[in-house]
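Here is a brief report on charged side chains and their surroundings. Please keep the sequence and the model at hand while reading.

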Amino acid sequence: MYTAKDIRNICLLGHGGDGKSALAESMLFLTKAIDRLGKRTDGNTTSDFDPEEIKRGYSISTAVLPVEYNKCKLNILDNPGYFAFSGEVAQSLRVADAGLICLTAKGGIAVGTEKGWDALAGAGLPAMFYISKLDEEHADFFQVYDALHDTYVQGVVPLTFPIVSGEKVLGLVDVVSGTATKADGSKMELPGDAADHLELYQHALNEAVAETSEELMEKFFMEEPFTPEELNAGIRAAINSRSLFPVFCGCSMTGLGTLNLLDNLVKYAPNPLEGKPMPTAEGGEIALDQKGAPMLFVFKTLIDQYGKNSYFKVISGDVEDTMSFVNVRTGDAEKLGNMFFPKGKDNAKTSKVCCGDIGVFTKLASVKNGDTLGMPGKTVQIKGMSYDEPMYKMAIYAKVKGTEDKIAAGLVKLNEEDSSF
């Protein structure tokens, strides 16, 4: 059983086709959560399990994927990259504690990159970048990094970068430790040009860390090296305060860089207790409280052939499947019943979900996206969902007279899943 300090809720953002689902698949495979690496072209990735997603070859709905690594649980929220499904992104941002924006080493900054950056800035969440597909022809990590640095802010700094010979990637350099590893994980010597890049990026990283406190700033100007403890604490603080935007890289198909990324997310991404407080309906804020009265927030609904699935994040206390809650919006009592940890289409039964973690209920018929559930008289209503104004309008008419009621019922059911229309 994990506690809030051992959890990382990370949402994946970026343009369609820029490697979000492949990265999530690589994380699951290398941590042995799945026994084979799925591919979108084969229609067997963990996150894209809906028949429409398999047919079309892209994500339509946010998938929640738990990755257990180094005594931590990372809830990876793999979001669609196409803008017709921006409502899914808005929902995941309400429960994420940080965002990882994916872009390719060949394509660089796309519209989806910019929208991901704007979404995280609007939500006040820490932002990180992952440059994917290093093995593609004409891939250029350094060109893409320079574009990120020039487009956004000075705090965009690599924590990993590739060692390249011609167009072949030989390994990765970890900027914090200064060590280089091959794709198989074995150590390698730093080539001359990589040593130059390392010196440049370490200086930029130290400068970002120095800005987190007066003591570190003084050491930086005195050219005194930071201790490992000071450096790690400074990186965490700078990421959480949005003054440092780390850049990672890798190749999901070969696994290059994936475990390094997980190491860094565990070390530096905020846990739910360090994350941004939730806004309340009255205009205030409520911080996560492990010792408070049990309370949860429903952020996503998925309806399948077995019924309704309500995805939630625990805001206060621990939630157990034997509890009875009240829905603050309706005033109705809800017996919780069947409770699971989501993993794509496969849910793992559980009797308890701790504060800060993400779970899913089945068959709570009256619960909708944006609802707050908690103990009677001890629950503050969390602010409901808000979505961008729709950009497209369409009217639907019955082809056969007298079937209007069936169409209306179908639209109501669709709207439970996609509240953005």
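## Glu 274 and Arg 236

Glu 274 is partly exposed, because its relative accessible area is 34%. This is a predicted model. Glu 274 forms a salt bridge with Arg 236. The closest N and O atoms are 2.5 Å apart. The pair links distant parts of the chain, 38 residues apart. Glu 274 sits in the loop between α9 and β12 (278-279), while Arg 236 belongs to helix α8. Arg 236 counts as partly exposed, at 21% relative accessibility.

Arg 236 also has Lys 267 as a spatial neighbour to check: their C-alpha atoms are 7.6 Å apart. In sequence, Lys 267 and Arg 236 are 31 residues apart. Lys 267 is found in helix α9 (residues 258-268). Lys 267 is partly exposed, with a relative accessible area of 39%.

## Other salt bridges

How many salt bridges does the count come to? The count is nine. One of the partners is Glu 230, which forms a salt bridge with Lys 219. Here the closest N and O atoms are 2.9 Å apart. Glu 230 lies in helix α8 (residues 228-240) and Lys 219 in helix α7, so the pair ties together parts that are 11 residues apart in sequence. Glu 230 is partly exposed at 26% relative accessibility. Lys 219 is buried, with a relative accessible area of 17%.

Lys 308 and Glu 416 also meet through their side chains in a salt bridge, at 2.5 Å from N to O. This pair links distant parts of the chain, 108 residues apart. Lys 308 is in strand β15 (residues 307-316), and Glu 416 is in helix α10 (residues 404-417). Is Lys 308 buried or exposed? Lys 308 is buried, because its relative accessible area is 10%, under the 20% cut-off. Glu 416 counts as partly exposed, at 21% relative accessibility.

## A negative surface patch

Which residues form the negative surface patch? They are Glu 214, Glu 215, Glu 218 and Glu 224. Glu 214 is placed in helix α7 (residues 214-221). Glu 214 counts as exposed, because its relative accessibility is 70%.

## A buried serine

Ser 26 lies in helix α1 (residues 20-30). Ser 26 is buried, with a relative accessible area of 1%. What does Ser 26 contact, leaving aside its neighbours within four places in sequence? Ser 26 is in contact with Leu 37, Ser 252, Gly 255 and Thr 258.

Terms used:
Residues numbered from 1 in each chain as written. Predicted model: local features only at pLDDT ≥ 70, side-chain atom pairs only at ≥ 80, totals over all residues. Heavy atoms only, no water. Patch = residues over 30% accessible without salt bridge, like charges linked within 9 Å, V, L, I, M, F, W, Y side chains within 5 Å. Areas by Shrake-Rupley, 256 points an atom, 1.4 Å probe, with all protein chains shown as cover. Salt bridge = Lys/Arg side-chain N within 4 Å of Asp/Glu carboxyl O. Lys, Arg positive; Asp, Glu negative; His and termini not counted. Charge placed at Lys NZ, Arg CZ, Asp CG, Glu CD. Helix = DSSP H or I, 4+ residues; strand = E, 2+ residues; numbered from the N terminus. Buried < 20%, exposed > 50% of the residue type's maximum accessible area, 1.4 Å probe, protein only. Contact = heavy atoms within 4.5 Å.
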